[in-house]
Amino acid sequence: MTRVDVGREDPAQWDAYALRCGASMRSAHPHLKRLGLKHLGRAAPHVYELRLGAERIGHFTLISKGSSHSFYDGLNLLPEHAGRWREAMAAALAQIGPGVFEYGWQWSPEPGREDDIAAIAGASLIATRQILIQGVDFSNWPTWEAFYKDISENIRRNAKKAEKLHPDLAVSVVQGLPALRRVRDLVAMRQAMYRRKDLPFNPLRILAGYVLSIVSCPAQAMIAVAQGGGRILAIQNNVEFGDVHYYLDGAAANDTDGGAWALQLAMLKRAYDRSPKGRFLLGYTDLPVADQSAEGLLRSRRSLRASDWPTSLVRFQWAPSA
């Protein structure tokens, strides 16, 4: 493996390569190029490429602090070399050296790697957390109309209710640095939502996090807003990479006027129009499928006919075998 200076890579070519590897938004060129800003003074992120002879077959990003390391976006291989994952990880660990490692991310639907890791000489599992990533897989429907008819009637009814209550209902999407103008609204609405649920919320820390994310990677900044009746009804913080759309967080006003669903359907339609075979990731859960029926948030995802992608977050130790 060798270090990669992503800043010297052609952005379009790098993104095309990363997408072929099945990498997430965390491997997008603008994200990696400025990743150091987000970890300044805390840890050292470095991108490495894996080669087979003269051919680049994959890459990974490692965030290291002493002997603790985190695979920031997994270990991503080109599809024709996917069967070499265990071999590639073993080679990477041998060059990185002994330490404690974390693998997996709540927004990456890569299958769990705990069995592959446990089979590597010198590796020992410390902890494994099983999760389900949930989202709408548009390839399950031939058209947008087919998907729209398949979702819960309550969702359609609520979205139409918003249109009736607010004839001036409008959805806007702000991208790049201009999204900074919406950060205050996003924080305020999330703070109000957390207060209603009696949950802790640190507005200054959250505000700083949004600003840092947008300034360090404006190419991935996207805030969507539904407005009507002279006020914000709902707001979302999203990212797109290739044919995958990520709903990171958001909030809605404390009423039942349907604004949140109007915004959600508008963003789903936008994502579908961009990638009719793509995916709209909604979040993750620790609950097994059988235990999800009574949960409000998870029930709403089911109403959107969300799919489940099982994965895992793994913590392990590696040292050379004796």
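By buried I mean a residue with under 20% relative accessible area, with exposed being over 50% and partly exposed in between, using a 1.4 Å probe and protein chains only. What we have here is a predicted model, in which local features need pLDDT of at least 70 and side-chain atom pairs count only at pLDDT 80 or more, while totals for chains, interfaces and linings use all residues. Residues are numbered from 1 along each chain as its sequence is written, and side-chain values use heavy atoms, with hydrogens and water left out.

Let me start with helix α4, residues 85-96, where helices are DSSP runs of H or I with at least four residues and strands are runs of E with at least two, numbered from the N terminus. Its buried residues are W85, A88, M89, A92, L93 and I96. Seen down the axis of α4, these fall within an arc of 135°, taken over the directions from the axis to the C-beta atoms, so they line one face of the helix. Among the elements that cover them, by contact of heavy atoms within 4.5 Å, are β2, β3, β4, β5, α5 and β12. Just after α4, G97 takes a positive phi of about 105°.

A pocket here is an open set of points on a 1 Å grid over the protein atoms alone, where a 1.4 Å probe fits, with protein on both sides within 12 Å along at least five of seven lines, and lining residues have an atom within 4 Å of a point. Of the 25 lining residues, C21, G22, A23, N76 and E110 are the closest to the centre.

Conventions. Expected span 1.5 Å × (residues − 1).
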